[in-house]
Each structure stands twice: as C-alpha cells, then as structure tokens.
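Let us go through this model by question and answer. Fold comes before single residues.

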Amino acid sequence: MSASLSHSPKSSTNQVALSPTQSKGEQFERRAEQFLLSQGLTLAARNYWCKLGEIDLIMYSDHTLVFVEVRYRSHGYFGGAAASVTPAKQQKLRRAALYYLQAQGLNEAQQPCRFDLIAYEGMDLHWLQNAF
C-alpha cells in the first residue's frame, strides 16, 4: 500500500489562502478521512490532483482501492449532497481515478476499485459505498 500524499492548491501546506467555502470543504474532508480511518480503511492519498480532476481521498479497504468523494450541503434541499454528484462529476472522477491507477503502475483489471461517497447534510454523515 502506498502512503504517497499529493498536494493540491487546497492543501494547507501550500500557503494558499482558502476561501470560506474551500476551508469548509477541507474541514469536512478531514472529518470524512477520520471517519473512514476509524472504519478500518487506510489512507493512500488525499486531495489527489491531476490534469483530469481531483479526488478527495484515496484509501484502501483491505485490497480494494477506494476513491472517495466528499460532499457537504447545509441541508437536503435540491436533492442534498448525494445528488450533487452528477453523472458529469462521476465521469470526471472516473477519469482522474484511471489517471491515478496508471500513474501508480496499477492495472484496473487486476486492482479491485470502487467509488464511495461521503455525503454530509448538516452534521449528518452518510457513507455510500460503491456509490457509482
């Protein structure tokens, strides 16, 4: 298992001032990470960024590589956090995940993978495994 952590413009180590929305997003990503660690997953990368998109968390659940999208909505109006992951967003995440697999020298046919969604509505966390 790899422990490489990538840095993105959102990372607090880059000295880039975050907007209030970005700061809140980072806060919920950290909460999601802690939750998933408490569930037995291990961290491979956070805020993986490439030219095709960004993946909030990349973790392992046993031998399965888990690409995690974290979404926050203050309420469930307009479909809530889960509905905000549109088919276009899902496609973008798939492309970024394929890029990650290739960059790591992994073969998608031999590496079990799944896409999970951590959806916060207010302070309620919903973990949707194999969300898409």
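Helices are DSSP runs of H or I with at least four residues, strands are runs of E with at least two, and both are numbered from the N terminus. This is a predicted model: local features need pLDDT of at least 70, side-chain atom pairs count only at pLDDT 80 or more, and totals for chains, interfaces and linings use all residues. Residues are numbered from 1 along each chain as its sequence is written, and side-chain values use heavy atoms, leaving out hydrogens and water.

Q: Which pattern does the chain follow along the sequence?
A: The chain has three helices and five strands. Read in sequence order, they give α-β-β-β-α-α-β-β.

Q: What percentage of the 132 residues is buried?
A: Buried means under 20% relative accessible area, exposed over 50%, and partly exposed in between (1.4 Å probe, protein chains only). By that cut-off, the buried share of the 132 residues is 39%.

Q: Is Ser 84 buried or exposed?
A: Ser 84 sits in the loop between helix 2 (80-83) and helix 3 (87-103). Its relative accessibility is 14%, so Ser 84 counts as buried.

Q: Which residues does Ser 84 touch, not counting those up to four places away in sequence?
A: Contact means heavy atoms within 4.5 Å. With residues up to four places away in sequence left out, Ser 84 touches Arg 71 and Arg 73.

Q: How many disulfides does the structure hold?
A: Cys 50 is buried at 5% relative accessible area. Cys 113 is partly exposed at 32%. A disulfide needs a pair of cysteine sulfur atoms within 2.5 Å. The number of disulfides in the structure is zero.
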